[in-house]
Structure formats: C-alpha cells, structure tokens
Amino acid sequence: MLKHAITMAAVAGLVLALAPAGTAELVYEGFDCVDGDGNPVAGGTKLDGLEGATSFGWDDGGFSSQTHDNMTYATSTLSFGSGNTALVTASGRMLSTHPGGQEYNQRAYRGLDETITGTFYGSYLWKVEDAIGDIGRAENSVDVGSTIGTEIHRWGSSLGRITGTGFGSANNSGVTDNPSDTIMALYTVTNVGGSSGPITAKQWFLNSAQFDNFRADGLTEAELDAAGLGRDSDQVMQRASVTESSPGSWPTFGPSEELFIQIYRGSNAETHVVALDEMRWGNTSLDDVTPIIPEPATLALLGLGAAGTLLARRRRR
Ligand SMILES: [Ca+2]
Ligand SMILES: [Ca+2]
C-alpha cells in the first residue's frame with residue numbers, strides 16, 4: 001500500500017492554525033505518494049486508493065473483469081489560482097487512463113474520522129489531459145455518504161450533475177471547459193445526518209481566474225449563485241442546485257460511511273486521460289475546503305506571534 005504524504009504540511013498546518021476555532025478540513029487528498037521509506041514513488045506507479053487509516057482500495061463497481069491498473073500516480077500536481085489566492089497543493093496528482101472500448105467503473109473509498117451533521121462542503125480539481133470527444137463519457141464522482149454524489153463528466157454538452165439515491169438530480173448549466181482547462185468543483189450538501197426536512201445540494205465549477213476573483217475576500221454561496229454563467233473572471237463556468245423536500249433518506253457521513261471517488265468510463269472507443277487532484281471535504285465553509293497560501297505579511301505576523309509565545313514561555317520559567 002502506498003502512503004500519501006503531504007509535502008506542504010507546513011503550509012497546510014499554518015492555514016489550519018489560522019482558521020478560527022471550531023473549523024476543520026476533515027479529509028484532504030493531495031495525491032502525494034511516497035513509498036514505505038518516505039521516498040517519492042515514480043510517475044506511472046499504480047495508485048492503491050485514498051489516504052487514511054480507514055481507506056480502502058479500488059473496487060470495480062460490479063465490472064468484475066477489470067483490473068485497476070489505469071489509476072496511476074503522476075509526479076506533478078494540478079495547481080489552481082495564482083498570487084495571493086493560489087490554492088495550497090501537495091505534489092502529485094491522480095491519472096485515470098481510459099484505453100477505449102471498455103466500460104468500467106472504479107471506486108476508492110474511505111470513512112471519515114468522525115460523524116458530522118449539518119452542511120457538508122467539498123472541492124476538487126479536474127482536468128482532461130488529452131483530447132476527448134464531446135460525446136465521450138468520463139465521469140469523476142465524489143459521493144457524500146451513501147446517497148448524494150456530485151460529478152464532473154463529459155457527456156454531450158453537459159459538464160456536471162448532482163445525483164443521488166432517494167434524492168433528485170440536476171444537471172449543471174453554463175459553459176463547457178476548454179481542453180486543458182483545470183476546473184475546480186465546489187459543492188455543498190445540507191441536512192447531512194438529518195431525519196426530516198429538505199436537502200439541498202449545490203455544485204459550482206470555476207476556472208482558475210474565477211477562483212482568484214471570488215476567493216480573494218472569501219467564497220460565499222450567495223456570490224456564486226448570483227454570478228453569471230461563462231468564462232469571465234466575474235462569472236462561474238457552471239452551476240447546479242437541487243432541493244428535495246421529502247427525500248425519503250438523508251445523507252449520513254461518518255467512519256462507517258463510504259466517502260468515495262468514482263471514475264466511470266463509457267464504452268466509447270476513444271482513449272483519454274483525466275486528472276483528479278486536491279480533494280477536500282469539510283463541514284464549515286467553502287473557504288476551509290479551498291485553503292490558499294498565506295501572504296508573506298501574514299506569515300510574518302505568525303512568526304511574530306510564535307516568537308512572542310516562546311518569549312512568554314521562557315519568561316514563565
Ligand atoms: Ca496534488
Ligand atoms: Ca468572494
């Protein structure tokens with residue numbers, strides 16, 4: 001089993017330290033893979049699954065004739081945003097290679113370290129790494145608990161959707177990505193762990209310039225909902241929302257639940273490669289699942305704070 005380390009742990013730790021009390025980024029998968037000795041693995045190494053003590057490897061979603069050799073590690077990360085709104089990343093990304101002509105459905109899953117209730121927040125990056133036809137189907141799903149999933153895919157003119165068992169579904173509307181665009185999926189699900197009342201799930205797709213624009217003073221659902229649809233920096237690429245007033249079942253999320261990523265490929269003949277990276281799940285805000293690299297001024301202040309703390313400790317001795 002490969003281990004995934006976080007080379008940006010220092011930066012991520014600072015970001016977490018900066019977060020107000022009570023906030024948490026619950027799960028982070030940056031696809032930074034090292035071997036048992038802590039050395040980086042080579043590009044092309046098969047990925048065994050998601051990081052975490054409760055992680056499980058790939059299953060085949062019922063397509064039992066398959067191997068999972070198409071899920072591999074690449075040494076460079078997807079990046080997103082720029083300047084003061086550059087996303088914190090860990091080196092490495094996941095590549096899913098479709099040989100063409102074979103349908104498959106592969107999932108890697110893990111439980112959460114704690115059970116959460118309320119609103120759930122998530123983000124991940126997605127990029128088509130080589131040419132793919134508009135009618136090709138290449139889905140990446142991130143499922144929340146056992147009932148709701150959000151997806152990026154290439155399927156006709158649509159680029160994404162929200163769907164779930166015992167729950168409605170909605171296709172994203174907006175513009176499709178250009179080849180080689182890296183897209184960020186952001187999503188929220190309300191009423192996680194509930195037993196009555198409606199569930200609302202939302203999903204937004206942003207390009208890098210849009211992330212810079214909206215993230216600078218904090219990401220809010222209201223601004224993402226109010227933005228126009230398009231590729232300009234004050235727009236969002238795509239958006240979907242669905243509310244079920246009587247869902248019948250409610251998403252649950254905890255150690256025994258299947259939080260999983262899923263790669264589905266149709267039986268079209270085209271070969272193509274899709275990258276997936278920087279997956280985050282949280283229960284507090286969109287900002288918490290999109291940490292950005294602190295500005296030098298902030299780092300300097302942190303350094304002053306740390307120095308002051310050390311000084312105070314010494315004085316107490
Ligand atoms: Ca990465
Ligand atoms: Ca904003």
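Predicted model: local features only at pLDDT ≥ 70, side-chain atom pairs only at ≥ 80, totals over all residues.

Me: What share of the residues is buried?
Reply: Of the 317 residues in the protein chain, 44% are buried. As for contacts with a separation of 6 or more, 75% of them link residues 24 or more positions apart.

Me: Okay, on to the core. How many residues are in the largest nonpolar core?
Reply: That core has 66 residues. Those with the most contacts inside it are Met94, Trp126, Met184, Ala185, Val189, Phe205 and Leu206.

Me: And which element gives the largest share of this core?
Reply: Strand E14, with seven residues.

Me: Is E14 enclosed or open, then?
Reply: Nine of its 11 residues are buried, so E14 is largely enclosed by the rest of the structure.

Me: Which strands does E14 pair with?
Reply: Strand E8 (residues 118-128) is joined to E14 by nine bridges, and the two run antiparallel. In that pairing, Ser123 sits opposite Leu186 of E14. E14 is also joined to E15, by six bridges and again antiparallel. There, Thr188 faces Lys202 in E15.

Me: What do E14 and E15 form together?
Reply: A hairpin, with six residues between the two strands. Gly193 is in the turn and has a positive phi of about 80°.

Me: Let's switch to helices. Is H2 enclosed or open?
Reply: Helix H2 (residues 208-215) is largely enclosed by the rest of the structure, because six of its eight residues are buried. Those six are Ser208, Gln210, Phe211, Asn213, Phe214 and Arg215.

Me: What covers those buried residues of H2?
Reply: The cover includes strand E14 (182-192), strand E15 (199-206), helix H3 (221-226) and strand E17 (235-236).

Me: Where does Phe31 lie?
Reply: Phe31 is in the loop between strand E2 (25-29) and strand E3 (33-34). Its phi is near 55°, a positive value in a residue other than glycine.

Me: Is Phe31 buried or exposed?
Reply: Phe31 counts as buried because it has 25 C-beta neighbours inside 10 Å, and the cut-off for buried is 20 or more.

Me: How many residues of E20 are buried?
Reply: 10 of its 11, so to speak a mostly covered strand.

Me: And which strands pair with E20?
Reply: E2, E6 and E8 are among them. E2 is joined to E20 by four bridges, running antiparallel, and Glu29 has Met279 as its bridge partner. Strand E6 (residues 93-98) pairs with E20 in the antiparallel sense over five bridges, with Ser96 opposite Val274. E8 pairs with E20 over seven bridges, also antiparallel, and Gly122 stands opposite Trp281.

Me: Last one: Leu229. Where is Leu229 placed?
Reply: Leu229 is in strand E16 (residues 228-229). It is partly exposed, with 15 other C-beta atoms within 10 Å.

Me: Which residues does Leu229 contact?
Reply: Beyond its neighbours within four places in sequence, Leu229 is in contact with Ser173, Gly174, Val175, Gln235, Val236, Gln238 and Arg239. Val175 is 54 residues away along the chain, yet the C-alpha atoms of Leu229 and Val175 are separated by 6.9 Å.

Definitions and conventions:
Residues numbered from 1 in each chain as written. Chains lettered and ligands numbered in written order. Buried ≥ 20, exposed ≤ 12 C-beta atoms within 10 Å, placed from the backbone. Contact = placed C-beta atoms within 7 Å. Pairing = 2+ DSSP bridges. Core = buried A, V, L, I, M, F, W, Y, C linked by C-beta atoms within 7 Å.
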